[in-house]
Amino acid sequence: MVVMSSSPIAVGAFGGTSSSLPGCFLHCTSQIGGGRIDSNYWRHREPSVLLPRSSWLVAGFKTQAPGMERDSNKLVCHFRNPELPHLSKRSLQMQRTVITLASHGDPSGSSVAEEKVLKSRMPMQRSFPFYVMLPPDTISASNTLNHCKAIQSGLLALKALGVDGVVMQVFWGIVERDAPTKYDWLAYLALVKMIQTAGLKVQASICFNGCKSSQESLSIPLPSWVLTVGNSDPDIFFTDRSGNRYKDCLSLAIDSLPLFEGRTPLQIFSDMLQSFRSTFSDYIGNTIVGLSVGLGPEGELKYPSFREGMWKFPGVGEFQCYDKYMLANLKQHSEATGQPVWGHGGPHDALSYNQWPNEGGFFNDNGGSWGSPYGEFFLTWYSSQLIGHGDRMLSLAASIFLEDEVIVSGKLPAVHWWHKTKSHAAELTAGFYNVEGHDGYDAFMEMFAKNASLVILPRMDVSDIYYPAEARCSPESVFLQIRRASHKHGVPVAGENSFPCHDNAAFRRITDNVHLRNPPDLPLLTSFTFKSMGASLFFPDHWHHFVKFFRKIGQYGLMDNESDIALKDQPTTSSSFCNKEQLVKM
């Protein structure tokens, strides 16, 4: 693994030894780099030792040329530097190769990303594939590949660890940014080639939504020509009761309306998916093995009921049915059901974004109109619109990639606050008619099954005990309900975390949700995606915890032995999630 020291020497893949590289994915204070070697040559050049294609991390340092020893079954490399006060050999056992690293200043090895990770039995058996999501700004908003050398080093590190592949987000607002049907795939092609060279697989996440994050200073809007249409017709965007527009996603009510120079959104999405298939035909089925279709805000099949800047946890959110196209659908449905008076808008007694359900009105457990005939009428319609949109999108993708060896998937949110109440208020505003006595996820899983699609379930890094009791949260119950519905309809489920995870407590929550709390009547997840490969992942302590987590999550369900690294002896207090600032973000 990587030998870390306190010296501020940066990763050699950046081509220099600056101690501060703002914006880089991979900050590393490494003095020595090493990796898996499958050929017999070394090429030395300041400031880096460049390893062959199959190596996995290069680190910037100044030293003499490495010495080498070889016997019948191992290669030992000594990095000699007269400035190093401590020189020690650390053998990383692998099936064919041993790399010996010289660590700087830490004879105990406490700051070393543990050499236990790579053992003679690597690559280890795992119960399901493991992916790591690339940062959303891997391709910039101006369609350039960011920090390509740092990304390459990170990919090689993941490959050496045994990770199966990465998730690559592909944004509509980047590829078709300037004009309709004018696609620019060059940056994404370069990225896929880099991933293939590293020996990893790709799951492509096609994002038909914008991406904004105040925490990451990231902004990827919808294509400019789409926003131009929105300037003259703002009702193409989801709209709340107060008329606020959500401009990072098109309203699902316009799926089949030719509002974009004669094209419908479904035609636009189809054209882009077909362009993707044609452009990446040499990679699909061998390198690109999965395709996730963006189904709504943040890529998930939901309404934008919890908008950043307007909502804070644990508010119930607001219904998003007030653009003129959604209202027209509601009016038509009310007339068809013989209740025209119900077709003028959403519930008049619904609460605002940050109110709690017990503040009265629609969501009240005792006498709230969610349980009335009108409530049943509206909630059935509101949820059915979301299901219909998901069906159209997944059916579209399935038809385009029908002959290809890729798995089509879509993401479903895990809205868990107020789940322990009767009305499940937050789930209702998000589009899931999941109340006491009515399973709101069954129809969604039936739709996924109809399209032979896999469902991705995020927020696997949270658990009930990490939320305040008054918010009546139960992510574990939501996970279980969705997974039971998916099992009923034969829909495979993949998992994903949603928050930064860098300590054992956070990793333990993921492991528990994936395995320990898995009832025997339910199948294992088909895969897990760790979010994400950013700079902080490669910090010494973070990488150390990630490696142990990777080993443990892959071996659950298999026979433990003395070489396994247990998490149960680690502290259960989390520093990465369990605090009020993070709770505000769900």
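Select α1, residues 148–161. This helix has 14 residues, and its first and last C-alpha atoms are 20 Å apart, close to the 20 Å expected at 1.5 Å a residue. The model on screen is a predicted one. Colour the ten buried residues of α1: Ala150, Ile151, Ser153, Gly154, Leu155, Leu156, Ala157, Leu158, Ala160 and Leu161. Because ten of its 14 residues are buried, α1 is largely enclosed by the rest of the structure. Step just past the end of α1 to Gly162, where phi is positive, at about 115°.

**The whole chain**

Zoom out before going on. The protein chain holds 13 helices and 20 strands. It has 586 residues, and 60% of them count as buried. Among contacts with a separation of 6 or more, 73% are between residues 24 or more positions apart.

**Helix α3**

Next, select residues 186–197, which form α3. The helix has twelve residues and reaches 17 Å from first C-alpha to last, close to the expected 16 Å. Which residues of α3 are buried? They are Ala187, Tyr188, Leu191, Val192, Met194 and Ile195. Look down the axis of α3: the buried residues fall within an arc of 160°, so they line one face of the helix. An α-helix has 3.6 residues a turn, so residues three or four places apart point the same way.

Now show what covers those buried residues. The cover includes α1, where the tour began, along with β10 (165–171), α2 (172–175), β11 (201–207) and β16 (288–293). Just after α3 comes Gly199, with a positive phi of about 85°.

**The largest cavity**

A search of the whole structure finds four cavities of 30 Å³ or more. The largest contains about 130 Å³ of space. To find it, select Cys249, Leu250, Phe269, Gly296 and His389, which lie nearest its centre among the 17 lining residues. Two elements to display here are β15 (245–250) and α7 (373–400), each of which supplies at least two lining residues. Which element gives the most to this lining? It is α7, with three residues. By type, the lining of the largest cavity has ten nonpolar, five polar and two charged residues.

**The loop between β16 and α6**

Move to the loop between β16 and α6 (324–336), and find Pro314 there. The peptide bond joining Phe313 and Pro314 is cis, with omega of about 0°.

In this loop, select Phe306 as well. Is Phe306 buried or exposed? It counts as buried, because its relative accessibility is 14% and the cut-off for buried is under 20%. Leaving aside residues up to four places away in sequence, Phe306 touches Trp311, Gly315, Val316, Gly317, Val415, Trp417, Ala426, Thr429 and Ala430. Draw a distance from Phe306 to Ala430: the two are 124 residues apart in sequence, but their C-alpha atoms are 8.1 Å apart in space.

A further stop in the loop between β16 and α6 is Glu298. Its phi is near 60°, a positive value in a residue other than glycine. Glu298 counts as exposed, at 51% relative accessibility.

**Two more backbone stops**

Most residues other than glycine have a negative phi, and most peptide bonds are trans. With that in mind, select Glu261, in the loop between β15 and α5 (265–279). Glu261 is not a glycine, yet its phi is positive, at about 55°. Glu261 is exposed, with a relative accessible area of 73%.

Then go to Ser532, in the loop between β20 (528–531) and α12 (540–555). The peptide bond from Lys531 to Ser532 is cis, and omega is near 5°.

**Helix α10**

Finish with residues 475–488, helix α10. Its 14 residues should span 20 Å at 1.5 Å a residue, and the end C-alpha atoms are 20 Å apart, which agrees. Just after α10, select Gly490, where phi is positive, at about 75°.

Terms used
Residues are numbered from 1 along each chain as its sequence is written. This is a predicted model: local features need pLDDT of at least 70, side-chain atom pairs count only at pLDDT 80 or more; totals for chains, interfaces and linings use all residues. Side-chain values use heavy atoms; hydrogens and water are left out. Helices (H or I, at least four residues) and strands (E, at least two) are DSSP runs, numbered from the N terminus. The expected span of a helix is 1.5 Å times one less than its number of residues. Buried means under 20% relative accessible area, exposed over 50%, partly exposed in between (1.4 Å probe, protein chains only). The arc is that of the directions from the helix axis to the C-beta atoms. Contact means heavy atoms within 4.5 Å. On a 1 Å grid over the protein atoms alone, a cavity is a set of points where a 1.4 Å probe fits but cannot get out, and a pocket is an open set with protein on both sides within 12 Å along at least five of seven lines; lining residues have an atom within 4 Å of a point. Grid points are joined across faces, edges and corners, and a volume is the space filled by probe spheres set on the points. Ala, Val, Leu, Ile, Met, Phe, Trp, Tyr, Cys and Pro count as nonpolar, Asp, Glu, Lys and Arg as charged, and the others, Gly among them, as polar.
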